[in-house]
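Dear colleague,

I am handing over the structure below, together with some notes on what was found in it. Please have the model open while you read.

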Amino acid sequence: MSAKNDDHDPHSLSFAEAVRRVGAAITPVSGFEQLALREALDRVLHEDVVSPLDVPGHANSAMDGYALRAADLPADGERELSVIGTVFAGHPFAGTVEAGQAVRIMTGAMLPAGADTVVKQEDTQKRGEQVVVGTGHKPGANVRLPGEDIRRGAVVLARGRRLTPADLGLLASLGIPEVKVFRRPRVAFFSTGDELRSLGQPLGEGQIYDSNRYTLHGMLTRLGVEVIDMGVVPDDRDAVREAFRTATASADMLITSGGVSVGEADFVKETLQALGQVNFWKVAMKPGKPLAFGHLGNTVFFGLPGNPVSAMATFYQVVQPSLLRLAGEQPPERLRITVTCAERLKKAPGRLDFQRGVLSRDEHGQLVVRAAGLQGSHVLSGMSRANCFIVLPAAAGNIEAGSPVDVEPFAAFM
Ligand code: AMP
Ligand code: MG
């Protein structure tokens, strides 16, 4: 293999091993808070929620129709039953349905004593005070049984669950007004680089605006963590150390960007080594080979590469799952789908590649993916245009048009 077409680095950790190590090294933050149900949306349950009730709490009708005894269903022909009343949802029927009787019943209304079956209105005929029922009805039909949805004492939502709108409704249906959730992790971040200017400052020669703090702010905010933006730190050993110390005093996680390459002014890895422990600092992924991970006391540390696309890709692929773990969640497996690649993609074997793609349907309605413009790790416009990562295995070389490829739709995790 020529050096040019091979991207293999014996000092890099495989992506899978990096993810495994990070997963093994991170435990949830300690501390919880008790929140009213509405405030608990998107928060992570600190303890199992056990149902205090059967749901439904009582047998009720799934249809508008007539409640009757199964024994009164005719084997052939039809049967006339006397209608002795009407029962609405929320207004239980006082009497009992005896043989030869029926009660008109609305959806959700409690099944009257004596009745065990509901025949829906469209299958009956009203004849004065009588209702006529034919054949073909099953005993017990159209009845929702107590505890059919949820049994009292059952775990309805487990510790580690991030609460969705459906979950809030589920908890409300059980009469649960408050839940215990993990406190939000505090995440500090800063950018390193003498060339970086913050918005509002004039750009001198060779200087650029710091974009990573904005992408990080956005990505972190979406995850519901408390963000601490520490600004830009110059390429200076003491300044980097000082910033590390400040962050570890208050943050559960510190994320830096830049300064992890092998360049002379790259003090991040050195500082991690001096003040904490380096777990790894190179991963065989693209973009993003320099990616440092370690601990500073109790603070989890990630040193992201400075290139804007690398910083985002490493965040989404490695930092995000670990941040979910820190927040108390069991990170769900990320949705990957196999689609046809509509064009040729350039790739050298050696690193797992997360190219930026645009997923769409072709004229036959089939899902296809194309590259979202230039794939350089500094091309933020491509990342902005993309709606998925195209995940290409480490060993793969160029991908020919028409080949199947795996994609991760951004909508599933961003
Ligand atoms: P580094 O990892 O510090 O060697 O940076 C790699 C590349 O990313 C260089 O071109 C940097 O100028 C650029 N870069 C580093 N940090 C940022 C940032 N916060 N915003 C935009 N570009 C950056
Ligand atoms: Mg730098």
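Leaving aside its neighbours within four places in sequence, which residues is valine 44 in contact with? Before the answer, please keep in mind that this is a predicted model. Valine 44 lies in the loop that runs between β1 (32–36) and β2 (49–50), and its contacts beyond those neighbours are Gly160, Arg161, Arg162, Lys180, Val181, Phe182, Ala327, Gly328 and Glu329. Its relative accessibility is 3%, and because buried means under 20%, valine 44 counts as buried.

Helix α6 is mostly covered, with 17 of its 19 residues buried.

Two helices that pack with α6 are described next. Two packed helices are described by the angle between their axes and the distance between the axes.

For helix α1 (residues 15–25), the angle with α6 is about 20° and the axes are 10 Å apart. Angles under 35 degrees count as roughly parallel, and α1 and α6 are therefore roughly parallel to each other. The crossing of α1 with α6 is right-handed. On the α1 side the contact is formed by Phe15, Val19, Val22 and Gly23, which meet Gln317, Val318, Ser322 and Arg325 in α6. Sorted by class, the residues of this contact between α1 and α6 are 4 nonpolar, 3 polar and 1 charged.

For helix α3 (residues 212–222), the axis comes within 11 Å of that of α6, and the two cross at roughly 25°. That angle makes α3, too, roughly parallel to α6, and α3 likewise passes α6 in a right-handed crossing. Here Asn212, Thr215, Leu216, Met219 and Leu220 in α3 meet Pro308, Ala311, Met312, Phe315, Tyr316 and Leu323 in α6. The contact of α3 with α6 has 9 nonpolar and 2 polar residues, and no charged ones.

With best wishes

Technical notes: Residues are numbered from 1 along each chain as its sequence is written. Chains are lettered from A and ligands numbered from 1 in the order in which they are written. This is a predicted model: local features need pLDDT of at least 70, side-chain atom pairs count only at pLDDT 80 or more; totals for chains, interfaces and linings use all residues. Side-chain values use heavy atoms; hydrogens and water are left out. Buried means under 20% relative accessible area, exposed over 50%, partly exposed in between (1.4 Å probe, protein chains only). Helices (H or I, at least four residues) and strands (E, at least two) are DSSP runs, numbered from the N terminus. Axes are lines fitted to C-alpha atoms, for helices over the stretch in contact, and angles run from 0 to 180 degrees between N-to-C directions. Angles under 35 degrees count as roughly parallel, over 145 as roughly antiparallel, 65 to 115 as roughly perpendicular and the rest as oblique. A crossing is left-handed if the near helix is turned anticlockwise from the far one by less than a right angle, and right-handed if clockwise. Contact means heavy atoms within 4.5 Å. Ala, Val, Leu, Ile, Met, Phe, Trp, Tyr, Cys and Pro count as nonpolar, Asp, Glu, Lys and Arg as charged, and the others, Gly among them, as polar.
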